[in-house]
Amino acid sequence: MSELNHTYLEALQTARWERPDIAALKRTAEGSWLLESHSMTARLKQHCHDFDVDVIAVYQLTPDKLTDSEAALIGQEACVVREVVLKGDGLPWLCARTLMPASTLEGQGGHLHALGTEPLGQHVFKQRASRRDAIETANVACLSHQLHARRSRLWLHNRPMLVAELFLPSSPVYGKEIPA
């Protein structure tokens, strides 16, 4: 893993998540991004010609390694962790860390093991039985930048996953987007 990706993932894991004041956040430039209830992948794809997913790591996490707030959102069970960087036109836009509990990966969620470089959101939001809730936000100091982050729970067939996303400096959330 590159040093930069390690820094981004560390920033995500140390973020101080808070429930946002939704009315106030809606009045900000970044609010529509942080409150996005559908696929972030689809939203990002609107701002580039080429979209790529770099898989940083996929590994197992035992229940005792979950934070209290993670366990409160998805339950106290073993998880598969998937860490990725989403890129638009070759620029890193978003670093994401997803916790997929073992029970979510059973039955209809079994195909999540084989995502490879397919974006999670692209897959999840194709399913009729999917939704997002429990959105939390954070501002994270990282490499001399103040970056926006969000964490939310995705539901697929009534089974949870927890996705934490850090919007990187070149991300369109900061208004530097290039028209697609």
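**Figure 1. The cavity of the model.** The structure holds 1 cavity of 30 Å³ or more (on a 1 Å grid over the protein atoms alone, a set of points where a 1.4 Å probe fits but cannot get out). This is a predicted model, in which local features need pLDDT of at least 70, side-chain atom pairs count only at pLDDT 80 or more, and totals for chains, interfaces and linings use all residues. Residues are numbered from 1 along each chain as its sequence is written, and side-chain values use heavy atoms, with hydrogens and water left out. The largest cavity has a volume of about 180 Å³ (the space filled by probe spheres set on grid points joined across faces, edges and corners). Its lining counts 17 residues, and the closest to the centre are Thr41, Leu120, Gly121, Val163 and Glu165 (lining residues have an atom within 4 Å of a point). Two or more lining residues come from each of helix 4 (40–45), strand 2, strand 3, helix 6 (120–124) and strand 6 (DSSP runs numbered from the N terminus: helices are H or I, at least four residues; strands are E, at least two).

**Figure 2. The largest pocket holds about 220 Å³ of space.** A pocket is an open set of points with protein on both sides within 12 Å along at least five of seven lines. Among its 15 lining residues, Leu12, Gln13, Thr67, Glu70 and Arg97 are the closest to the centre. Helix 1, helix 5 (68–74), strand 3 and strand 6 each give two or more residues to this lining. Strand 6 gives the most, with 3 residues.

**Figure 3. An open sheet of 6 strands, in the order 1-2-3-6-5-4.** The pairing is antiparallel (two strands pair if DSSP finds at least two bridges between them). Strand 1 (51–61) and strand 4 (130–142) are at the edges with a single partner strand each, so one side of each lacks a neighbour in the sheet. From one strand to the next, the twist averages 20°.

**Figure 4. Strands 2 and 3, with helix 1 on the sheet.** Strand 2 (residues 79–88) pairs with strand 3 (residues 91–101) in the antiparallel sense over 10 bridges. Leucine 86 stands opposite leucine 94 in strand 3. Helix 1 (residues 3–13) packs on the sheet and touches strand 1, strand 2, strand 3, strand 4 and strand 6 (159–167) (contact means heavy atoms within 4.5 Å). The direction of helix 1 makes about 55° with that of strand 3 (axes are lines fitted to C-alpha atoms, for helices over the stretch in contact, and angles run from 0 to 180 degrees between N-to-C directions).
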